[in-house]
Amino acid sequence: MATLGTKKFYQSFNGKTEQNNQILKNSGYVSISLHSAFYKSVGNFWQSIFGGNDKIALTSTITYKASDRSIEAKSIVDKRTVKADRNHPLGLSRLVALKIPTIADGLEMKIELTAIKDDNLENGLDLMNSEEFQNPLQMSSVPVGQILTVTNVIKKIFTGIENPSILEATFAGIVSTEQIANPVERERLTEGYIIVIANNDEDDDFLNQVDPTKFQVQSDGLKYENEIVQHTNLVFAVTYDKLKGVDQESSWFKKYQRAINKLDDILLSIDNEEHKKILTDSKRLWIEANALLFDDPNFIDKEKNSIKFTYLKKINERYTQYTEQSDSDFIADFTDNKIEEFNFSSELPTTNAKDIINLTNIESTKYLKELGENDMTLPL
């Protein structure tokens, strides 16, 4: 008996095992993109004789779930009219979630391909299908506000309208703290391709016989044993990044810049006490930047700490360059000789200036190296 409905398959695209591709909590950032789409139109009796068209809409819903909040981002991926009783590679490729920090409990993806029967939907769907309403899910406050507005509008467009679903599938991505066996089967977020295939033909036994290892995800769509898959299907790519890189539009970035640039005032003074006051002002800006950074939901804590220490190193470098003092003298001036009252890091319970400098150098050097390996830079 043929399998009806939808089935989901997984394929690695980096040569690693499924378990090694599992994405762990607080480890980095996740992006999700629609890699390809294919629509198989099964015409009704009249369409098979006289021809005709199908109106279809593809929608995606990303739900970010954390203990303190849930954010739903719904968008129209595509809307078009196609010839009935034919197969249609849709030629779609679109980012639906951009570098979401893995501090969530899970990311759920729902996809739906709908046959549009109500002409009253046309104007609303055309509007929601435009580029300005297709922003990928991000966690900063402005994009989240825009996404929530678009999501509510799309829900209202579909409210009370009965349109048959051609393909509907949900895959949950639980973000756990450790690797487990068979993560995809157990709904753990995993880097790789998520393949969703639909079958509405009782005489078609393809999904019963398919061998998942024979799928080939290529630039022009999904293939099986080197042949294009002739079933309605969607392929999503889940990718992982260890770093996000500095956000130059953020308020904390601008504060860090001001903290460094404040030290240029030293060039206008020859008084050592005045130099210390200038450094105190720079320190205040650095502390304010830290507070803004650690309130930013776009970054995991590990990268926040790396950014904090990297800018501390930059302040140290500029201050010692202008004053010709040692690193230890810098720490003394920076803390006003009250190192024990200054919380540099919860991982460093010490009041030793040398240890603080060593930690700062290690963290900043490692972060700058990782940025370079990912074709990123630290703006100054």
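I began with Leu234, which touches Leu34, Ser36, Ala37, Leu58, Ile111, Leu167, Ile194, Ile195 and Val196, leaving aside residues up to four places away in sequence. Contact here means heavy atoms within 4.5 Å. I noted that this is a predicted model, where local features need pLDDT of at least 70 and side-chain atom pairs count only at pLDDT 80 or more, while totals for chains, interfaces and linings use all residues. Residues are numbered from 1 along each chain as its sequence is written, and side-chain values use heavy atoms, with hydrogens and water left out.

Next I looked up the cores. The largest nonpolar core has 43 residues, and Leu234 is among those with the most contacts inside it, along with Ile32, Tyr64, Ile111, Leu137 and Phe236. A separate second core has 36 residues, including Tyr29, Leu263, Trp286 and Ile331. A nonpolar core is a set of buried Ala, Val, Leu, Ile, Met, Phe, Trp, Tyr and Cys residues joined through side-chain atoms within 4.5 Å. Buried means under 20% relative accessible area, exposed over 50%, and partly exposed in between (1.4 Å probe, protein chains only).

I then took the chain as a whole. Of its 380 residues, 49% count as buried. I found 9 helices and 13 strands; these are DSSP runs (helices H or I, at least four residues; strands E, at least two), numbered from the N terminus.

I turned to the helix pairs. The axes of α6 (residues 272-294) and α7 (residues 301-323) come within 10 Å and cross at roughly 170°. That makes α6 roughly antiparallel to α7, a label for angles over 145 degrees. Trp286 of α6 and Leu312 of α7 are among the residues making this contact.

Helix α7 also meets α8 (residues 327-334), with axes within 10 Å and a crossing of roughly 110°. The two are therefore roughly perpendicular, the term for 65 to 115 degrees. Leu312, Ile315 and Tyr319 of α7 are among the residues in this contact, as are Phe330 and Phe334 of α8. Axes are lines fitted to C-alpha atoms, for helices over the stretch in contact, and angles run from 0 to 180 degrees between N-to-C directions.

Last, I checked two loop residues. Asn26 is not a glycine, yet has a positive phi of about 60°. I located Asn26 in the loop between β1 (5-11) and β2 (29-40), partly exposed at 43% relative accessibility. Asn182 has a positive phi near 50° and sits in the loop between β8 (165-174) and β9 (192-199). Asn182 is partly exposed, at 46%.

Definitions and conventions: Angles under 35 degrees count as roughly parallel, over 145 as roughly antiparallel, 65 to 115 as roughly perpendicular and the rest as oblique.
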